[in-house]
Amino acid sequence: MSRPQDPHRGFFPFGNPFRMLSPKGSDLSPWLLSLLSRFELLLEEGLKKLMPKNKEDILTLSWMKLAMESLCETHNNINTLITELQLPVSDWEEKWVDVYLNISVKLLDLCNAFSSELTRLNQGDLFLKCVLHNLQSDSGEKYLQARSSLDSWRQHVNANNPRIENCRAVLDSLVKSLSLPKVKNSPKGKVLMRAFYGVKVQTVYICSVFTAAWSDSTKDLFDLPVSEKPSWAKVFTEMQSVVNAEIRDMLSSGRTTILKELESVDASVEKLYPMIQDGVDPVKVDCFKDHVMELGTQAEYLSQGLDQLLEEVDSFFKLTLSGRDVLLCNLRSSDSISGNTVGEDVDEQV
């Protein structure tokens with residue numbers, strides 16, 4: 001059930017980290033500026049895709065799938081940027097490594113939570129299949145079984161998922177990671193940290209939207225003020241404003257769920273349940289059959305959408321995990337060559 005609307009959340013309790021991205025004067029070469037500009041342009045294009053053409057598209061499974069695809073693209077782009085910077089891992093400051101590893105492990109936690117919720121919701125499809133199977137008969141006993149399955153479906157989809165409830169704490173910790181470490185005497189490092197800033201803003205926001213969708217609470221939805229300096233800032237601010245406003249409107253309306261495909265199934269269930277409970281009026285047989293067919297169609301849309309979104313979440317999980325593995329392997333290689341203990345320290349942290 002929807003909860004009362006919570007106050008908007010501020011995002012930078014520790015000050016604006018973007019101050020650290022623009023030191024007085026600029027020591028970035030044209031080549032570095034071009035790399036940064038290209039990365040931020042790609043991020044901007046990815047955010048534009050999330051601007052819904054229609055407000056009804058917001059929190060559909062197709063829009064959520066698009067959002068997860070956008071995250072995968074952005075994380076692939078940051079990996080490409082790191083390669084193009086030709087910044088050896090051995091030159092990474094230890095605090096940069098800490099930032100990357102700490103954030104990535106939290107992203108893995110969020111992916112596990114999202115995957116568990118998608119799997120849990122999809123398990124409800126078994127109840128709906130039982131309903132549709134039993135409604136093919138005119139038997140009163142079969143109708144009784146169908147009502148029981150509908151009750152079980154409602155109970156199942158409305159149950160709380162502890163993993164989603166724990167996402168709030170993970171997101172709060174990611175907020176703190178936006179206080180970027182200062183970069184001294186490393187133009188490449190400045191580019192890297194500025195790019196990481198954009199990645200983290202997009203990632204934290206999308207994850208907060210997913211969490212709000214499954215918790216039905218605005219307390220998990222962030223409002224992120226960003227500097228006007230990056231090219232992607234305006235698009236992000238506009239997209240965030242539209243999406244957040246619609247989500248808050250949905251949550252304040254008293255709807256039982258704000259996930260559109262799930263809401264459509266629920267609406268079909270609401271039409272069928274009283275007809276099964278009271279017995280199908282012979283005059284309404286055709287209407288009854290239409291409602292049964294509608295439930296089957298909506299249930300199929302929901303199941304397919306959940307499967308497709310789960311695939312994208314799994315792809316993001318694998319991408320994040322592979323990035324950690326590459327970094328750790330490179331750190332170990334650097335350690336064996338240089339004889340320092342950075343790799344050992346990282347292993348202990350992990």
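This report describes aromatic ring contacts in a predicted model.

## Basis of the description

Residues are numbered from 1 along each chain as its sequence is written, and side-chain values use heavy atoms, with hydrogens and water left out. Because the model is predicted, local features need pLDDT of at least 70 and side-chain atom pairs count only at pLDDT 80 or more, while totals for chains, interfaces and linings use all residues.

## Phe-114 and its partners

A search of the whole structure finds eight aromatic pairs (rings of Phe, Tyr and Trp, the last by its six-membered ring, with centres within 6.5 Å; planes under 30 degrees apart count as stacked, over 60 as edge-to-face and the rest as tilted). One of them joins Phe-114 and Phe-210, whose planes stand at 45° with the ring centres 5.5 Å apart, so this pair is tilted. Phe-114 belongs to helix H3 (residues 94–123) and Phe-210 to helix H8 (residues 187–215), so that the pair links distant parts of the chain, 96 residues apart (helices are DSSP runs of H or I with at least four residues, numbered from the N terminus).

Phe-114 is buried at a relative accessible area of 1% (buried means under 20%, with a 1.4 Å probe and protein chains only), Phe-210 is buried at 0%, and Trp-214 is buried at 12%.

## Other aromatic contacts

Tyr-197, Tyr-205, Trp-232 and Phe-236 come together in one aromatic cluster. Elsewhere, Arg-154 lies over the face of Tyr-273, 4.6 Å from the ring centre (a charge sits over a ring if NZ of Lys or CZ of Arg is within 6 Å of the ring centre and within 35 degrees of the ring normal).

Technical notes: Helix = DSSP H or I, 4+ residues; strand = E, 2+ residues; numbered from the N terminus. Buried < 20%, exposed > 50% of the residue type's maximum accessible area, 1.4 Å probe, protein only.
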